[in-house]
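Hi,

Here is the structure I said I would pass on. Have a look at it first, and my notes follow below.

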Amino acid sequence: PPRSTLFPYTTLFRSTILEHELDEANGFDLEIMEVASKPAAEIAFQGGSVDMLVTDWIWVARQRAEGVPMSFIPYSRAVGGVMVPADSKAGSLADLAGEQIGIAGGPLDKSWLILRAYALEALDFDLASETTQVFGAPPIMFQAALDGEVAAVINFWHFMARQEAAGMRHLIDVAEALAALGIDSDVPLLGYVVMDRLVEEQSDLVAGFAAASRAAKELLADDDAEWERLKPLMNAEDEAQFEALRAGWRAGIPGPGPVDEEAAGRLLAIM
């Protein structure tokens with residue numbers, strides 16, 4: 001995939017772990033398999049080609065509900081939102097009635113589901129029936145928004161930073177929608193996923209991976225020099241975009257300790 005789509009979830013993570021040998025220090029060797037899309041990653045995981053993937057918590061919940069034994073390790077709170085052209089007259093989601101909305105992902109994308117719930121609750125507006133949705137990969141939706149092919153776009157946070165730099169503006173972020181719904185935005189929506197069998201058979205391995213991940217996050221949370229090392233990999237177009245990407249990644253780091261299960265349950269019920 002284009003380098004910009006890899007930055008938050010693959011390039012940065014891999015480089016930090018390997019540069020500081022956090023995998024070896026925690027008893028494993030990290031290997032990354034790059035695939036063409038999120039569905040391809042899920043297929044590789046379910047087929048046993050990889051031991052772990054990063055994906056939405058809602059996908060894991062649905063798999064578990066269907067009896068597939070897999071577990072979720074919190075990875076990021078970073079979420080996207082809705083962007084519109086700078087000259088758009090839209091002031092809220094309700095103003096998108098009759099328009100086309102581009103959505104990075106599919107009909108079960110977490111951001112889309114949360115924004116639909118928010119629009120129903122706060123605006124009495126059904127996004128699904130009052131707009132036309134166009135689903136596609138993040139880079140395709142990014143370009144469609146810049147070309148004016150859609151009136152608004154729901155994309156991942158790192159694409160939002162690039163869209164803003166290109167002249168688009170925020171209409172609403174998912175974090176704002178969660179707050180309006182009374183949901184703690186600290187609930188991590190992205191995570192590492194492993195089969196329960198691996199947890200049971202190699203608990204030390206899974207714990208070592210989690211420890212390496214936390215160590216990498218702590219390093220990136222405070223060390224600006226580490227970000228300067230990573231800067232060439234991030235494909236930022238200018239300093240402002242680099243700083244926005246760094247700030248967005250840092251903002252997504254989950255807090256230490258257990259997830260608030262009550263808040264997570266309320267969010268799952270909404271979605």
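The second largest pocket has 29 lining residues, and those nearest its centre are Phe72, Pro74, Pro188, Pro258 and Val259. A pocket here is an open set of points on a 1 Å grid over the protein atoms alone, where a 1.4 Å probe fits and protein lies on both sides within 12 Å along at least five of seven lines; lining residues have an atom within 4 Å of a point. Two or more lining residues come from each of α4 (57-65), β2 (70-76), α11 (203-222) and α14 (261-270) (helices are DSSP runs of H or I with at least four residues, strands runs of E with at least two, numbered from the N terminus).

Please keep in mind that this is a predicted model: local features need pLDDT of at least 70, side-chain atom pairs count only at pLDDT 80 or more, and totals for chains, interfaces and linings use all residues. Residues are numbered from 1 along each chain as its sequence is written, and side-chain values use heavy atoms, with hydrogens and water left out.

On confidence, the average pLDDT (the predictor's confidence in each residue, from 0 to 100) is 87 for the chain, and 96% of the residues score at least 70.

Four bridges join β1 to strand β8 (residues 190-195), and Leu53 is opposite Val193 in β8.

Best wishes

Definitions and conventions:
Two strands pair if DSSP finds at least two bridges between them.
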